[in-house]
Amino acid sequence: MTPTPLTPLAVAALALLAEGPTHPYEMYQTLVQRSEDRLVKVRPGSLYHTVDRMAGNGLVRATGTEREGNRPERTTYEITAEGTQALRERIADIIGTPVNEYPEFPVGLGESNNLSAETVVALLRQRVSHIREDIGTLDEAIRKLMDKGLPARYWMDVRYLRAMAEADVATLEALIDDLVSGEIPWDDQKQH
C-alpha cells in the first residue's frame, strides 16, 4: 500500500521539526509568526491531529512531556529518519511535479458572462486592489527578511508569491482594459 502523500500542513510541521524538537502549539505559533499561514491552512486542532498521524506513521516521535504552571501538558516531538526522508521526497515531488490545484477564481472568471460587463470590471478592479495590498505586505516581509540577513533560500516562497501576484495584476489589468475598450465584446442581454 502506497502511503498517503504528506499534506502541506504535514510538510510545514516536519520542516519545523527538522529545525529542532518542539511541541505542536509552538509549531503553530512559529508558523503564524513566519506568516506561513498564508501558504498552509493551519489551525491548532488540525496541527495536533497531523502530528498525531505522523507519530503513528513513524515520521515523528515524542521526546518528552512538560507542564508549565496550570497549563496543559505539552508533548515535544522530533523528526525521525523516516520523517526526514518523507519530507525530502515530498518537497521534491511538490517542486518538480505540477498539479492542477483547482483554484476557484478561474471558475468564476469562466462564468462571469452571467454578470454585466460593468459588474465584472468593478469586481476585477476590486480584486486587483486586494492583490496590490498583498504585494505591499509581501514587500514588507521581504524588507524584514533582508534586514534580518536571512539567506534567500529560506524565503524563496515569498519571492515566488510576489512574482505571481504581479503577474495576476498584469493579467487582470489587461482583461479590464479589454473589457472597457470593447476588445472583449460583451452582450449583457442573455439570448433565450
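Rings of Phe, Tyr and Trp (its six-membered ring) are taken to pair if their centres lie within 6.5 Å; planes under 30 degrees apart count as stacked, over 60 as edge-to-face and the rest as tilted. By that definition, a search of the whole structure finds one aromatic pair. The pair is formed by Tyr-25 and Tyr-28 and is tilted, at 6.3 Å centre to centre with 35° between the planes.

The model is predicted: local features need pLDDT of at least 70, side-chain atom pairs count only at pLDDT 80 or more, and totals for chains, interfaces and linings use all residues. Residues are numbered from 1 along each chain as its sequence is written, and side-chain values use heavy atoms, with hydrogens and water left out.

**Domains**

The chain is divided into domain 1 (6–94) and domain 2 (102–179), with bounds that come from an automatic or database domain assignment. The C-alpha centres of domain 1 and domain 2 lie 30 Å apart.

Helices (H or I, at least four residues) and strands (E, at least two) are DSSP runs, numbered from the N terminus. Both Tyr-25 and Tyr-28 belong to helix H2 (residues 24–33), where they are three residues apart, about one turn of the helix. For accessibility, buried means under 20% relative accessible area, exposed over 50%, and partly exposed in between (1.4 Å probe, protein chains only). Tyr-25 has a relative accessible area of 29% and is therefore partly exposed. Tyr-28, at 22% relative accessibility, also counts as partly exposed.

His-23 is found in the loop between helix H1 (8–19) and H2. With a relative accessible area of 8%, His-23 is buried. The C-alpha atoms of His-23 and Lys-144 are separated by 26 Å, the two residues being 121 residues apart along the chain.

**Helix packing**

Two packed helices are described by the angle between their axes and the distance between the axes. Here axes are lines fitted to C-alpha atoms, for helices over the stretch in contact, and angles run from 0 to 180 degrees between N-to-C directions. Angles under 35 degrees count as roughly parallel, over 145 as roughly antiparallel, 65 to 115 as roughly perpendicular and the rest as oblique. A crossing is left-handed if the near helix is turned anticlockwise from the far one by less than a right angle, and right-handed if clockwise.

H2 packs with helix H3 (residues 44–56) at an angle of about 125°, with their axes 9 Å apart. H2 is therefore oblique to H3. The crossing of H2 past H3 is right-handed.

Helix H6 (residues 117–148) and helix H7 (residues 156–181) pack at an angle of about 160°, and their axes are 9 Å apart. H6 and H7 are therefore roughly antiparallel to each other. Their crossing, H6 with H7, is left-handed. The residues of the contact of H6 with H7 divide into 19 nonpolar, no polar and eight charged. In this count Ala, Val, Leu, Ile, Met, Phe, Trp, Tyr, Cys and Pro are nonpolar, Asp, Glu, Lys and Arg are charged, and the others, Gly among them, are polar.

Val-128 lies in helix H6 and, at 7% relative accessibility, counts as buried. Glu-173 lies in helix H7 and is partly exposed, with a relative accessible area of 29%. Gly-96 has its place in helix H4, where its 56% relative accessibility makes it count as exposed.

| Residue pair | Separation along the chain | C-alpha to C-alpha distance |
|---|---|---|
| Val-128 and Glu-166 | 38 residues | 9.7 Å |
| Glu-173 and Val-121 | 52 residues | 9.6 Å |
| Gly-96 and Gly-56 | 40 residues | 28 Å |

**Positive phi in loops**

Most residues other than glycine have a negative phi, and most peptide bonds are trans. Ser-35 has a phi near 60°, a positive value in a residue other than glycine. Ser-35 lies in the loop between H2 and H3 and is partly exposed, with a relative accessible area of 39%.

Tyr-102 likewise has a positive phi, near 55°, in a residue other than glycine. The place of Tyr-102 is in the loop between helix H4 (81–96) and helix H5 (105–110). Tyr-102 is exposed, with a relative accessible area of 66%.
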